[in-house]
Amino acid sequence: MYYPEDLIEEIRIQNNIVDVVSEHVQLKKKGSSYFGLCPFHNEKTPSFSVSEEKQMYYCFGCGACGNVYTFVMEYENYTFLEAVKYLADRAHITLPTPELSEAVKRKIEYKQQLMEVNREAARYFYYQLYSERGNKALTYLDNRGITETLRKKFGLGYSNVYRNDLYQYLTKQNYSKQVIFDAGLTNKDKKQENTYHDRFWNRVMFPILDVHSHVIGFGGRVLGDGNPKYLNSPETKLFEKSRNLYALNIARTSRKSNILMVEGYMDVIALHQAGFNNAVASLGTALTGGHAKLLKRYTDEVIIAYDSDEAGINATLRAIPILEAEQLSVRVLHLGEYKDPDEFIQNNEPKAFEKLLETAEPSFIYQIQRLETNYRLKDPVHKTRFVNEIAKLLLRIESDIERDNFMETIIEKYSINQSSMKKLIADIGKNTGIISQKKNNQPKTKKKPSEDGLFLAQKTLLTLITDKKNLYTVIKDHLKPEEFTDDLCQRAASYIYNSYEQGQKIVPATLINHFTELAEQTKMASIFNHKVAYKHPLQLEKIVNESIKKIKLSNIEALSRSIEKTIELQKLILAKRELEHLHISLNDG
Ligand SMILES: [Zn+2]
């Protein structure tokens, strides 16, 4: 944590959740809560509730929940620190500058300088576009149908035909030669020492922004026939190509259910112009695992819409496994007769692209189609090889249901015999060890329901002791916080036990501040939005006893797995027997 807990809490209190949510969702008061349409899932009747008293939100439709930090993180795709900064700003609270070492400070300052010089260069290019010399660049953009709004939104500019135009401008603004060079804006002269030339000249300039909208580099398209057609900034301290995507700063807040992955700047801009502001492009490099990780922060589904030529097809086939390795679901768009999304948009209405998106194919089907082009299916030998390849692809699908569904589609389409396909999959699986591995994993996957039961037991007890102090006084003697097996539940239990012992009130919204990951906050909030249903006090007693037993038993089992000495094992058996006889009567409490 970078800031003191008290400050984090103060910021939370100063931002009334009802006000913050109201800036994005229309809320209506109903009883003690406010209701509105959930911003996190599609719905027509409001199931999104905000409690002013608890300072928490909860959606009965999709289960989204948390405090004001969670809301901002989920709505704006912010990290916890970004949410803290945003809400502090909103409440006019000044955040202290964190204590840093000299070396770290210098590093940050230097990065800041690189960012500044990049921003200044972007500004310069932008003005050049509207000067007389920028006329041909402007005409070029006009011809491509890029409106002024879009030019502004993407900060497009022009670099002059002179070889050290920008360099001279920036040195006049007191930027050092080294900083300008380190930002990737100049090249060193090969013969004359200490002489620099502009890296970009006679090009339409596309500033590249990171997710926080800082200019970190540029792409430039040459005007006329110069080479190369597209030139990018080199890798710098700011600009890591494998960790940034063009236009992700805009796409991440698009509220669309997926992100469109395209090849070029012009594709991105054309799509944004047509209303598809969820389009991004990798920056003149092939897609990397770093890109996939970055995308996973903002979406669960990627639609690849690369160029329809051979290179685009190969890039698509390479990108699919990289994206899927990050648990992203992938679909591929067929552009038909058009060479890229830009060309499609230039020749069709946005509605047509919307329709086309619906036809985007699951990556598996796309891969099979590409595979098919390598074989003459009328030839039995070729067909056998083809079917073998299909079986291998099917084995890569983790979900059994999904695999069965795809298998059905495929065996129908290519008239493959179902039982021989199943046998083939089993054979390949055995040979490559995949099937036997799966069998070993089976008990684990089967255990999951009981693990969920265990989590429910912990959630139930936490909910009950939060709501009723008298229950806490009984339960605390039988169950210690460290006995909770789930890490988050354990931390919640420590907080609740401590608060009661110190005579403090339990404020779930405060507890959520202690977690910086959205998933943790949501899980924690769900603990406190849990309802324990019972009609009779005896039912409650049963719930409490069963929950405690379940948790204790799980602890004993975990211990028994690690113990080797017989004596210790006997102790465990004893503990297990005692547990069977445990009965907590709530009437005594
Ligand atoms: Zn919802």
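User: What are the domains of this protein, and where do their bounds lie?

Analyst: The protein, here a predicted model, is divided into domain 1 (5–90), domain 2 (103–239), domain 3 (245–357), domain 4 (374–432) and domain 5 (446–581). Between the C-alpha centres of domain 3 and domain 4 the distance is 29 Å.

User: What makes Cys-38, His-41, Cys-59 and Cys-62 donor residues of the zinc ion?

Analyst: A donor must be an N, O or S atom within 2.8 Å of the metal. Cys-38 (SG), His-41 (ND1), Cys-59 (SG) and Cys-62 (SG) coordinate the zinc ion at 2.1 to 2.3 Å, so they meet that criterion. Along the sequence, these donor residues follow the spacing C-x2-H-x17-C-x2-C.

User: Why is the arrangement around the zinc ion called tetrahedral?

Analyst: Four donors count as tetrahedral if all angles lie between 85 and 135 degrees. The four donor atoms here subtend angles of 101 to 119°, and the arrangement is therefore tetrahedral.

User: Why does Cys-38 count as buried?

Analyst: The term buried requires under 20% relative accessible area. Cys-38 has 6% relative accessibility and therefore counts as buried.

User: Why is His-41 classed as partly exposed?

Analyst: Partly exposed covers the range between the buried limit of 20% and the exposed limit of 50%. His-41, at 24% relative accessibility, therefore counts as partly exposed.

User: Which residues of helix α1 are buried, and what covers them?

Analyst: In helix α1 (residues 5–14), the residues Leu-7, Ile-8, Glu-9, Ile-11 and Arg-12 are buried. Their cover includes α3 (68–76), α4 (80–90) and α23 (508–512).

User: What is the strand order of the sheet that contains β6, and what is its pairing?

Analyst: This open sheet has four strands in the order β6-β9-β10-β11, with antiparallel pairing.

User: Why are β6 and β11 placed at the edges?

Analyst: β6 (157–159) and β11 (230–232) each have a single partner strand, so one side of each lacks a neighbour in the sheet. On average, neighbouring strands of this sheet are turned by 35° against each other, direction ignored.

User: What makes β6 and β9 a pair?

Analyst: Two strands pair if at least two bridges are found between them. β6 and strand β9 (residues 203–209) share three bridges in the antiparallel sense; Ser-159 has Arg-203 as its bridge partner in β9.

User: Which helix touches β6, β9 and β10?

Analyst: Helix α5 (residues 102–129) packs on the sheet and touches β6, β9 and β10 (215–222), its direction making about 35° with that of β10. Helix α11 (residues 265–273) lies across β9, β10 and β11 and runs at about 75° to β9.

Key:
Residues numbered from 1 in each chain as written. Predicted model: local features only at pLDDT ≥ 70, side-chain atom pairs only at ≥ 80, totals over all residues. Heavy atoms only, no water. Domains from an automatic or database assignment. Donors = N, O, S within 2.8 Å, 3.2 Å for Na, K, Ca; no water. Tetrahedral: all angles 85-135°; square planar, octahedral: opposite > 155°, others 65-115°. Buried < 20%, exposed > 50% of the residue type's maximum accessible area, 1.4 Å probe, protein only. Helix = DSSP H or I, 4+ residues; strand = E, 2+ residues; numbered from the N terminus. Contact = heavy atoms within 4.5 Å. Axes fitted to C-alpha atoms, helices over the stretch in contact; angles between N-to-C directions.
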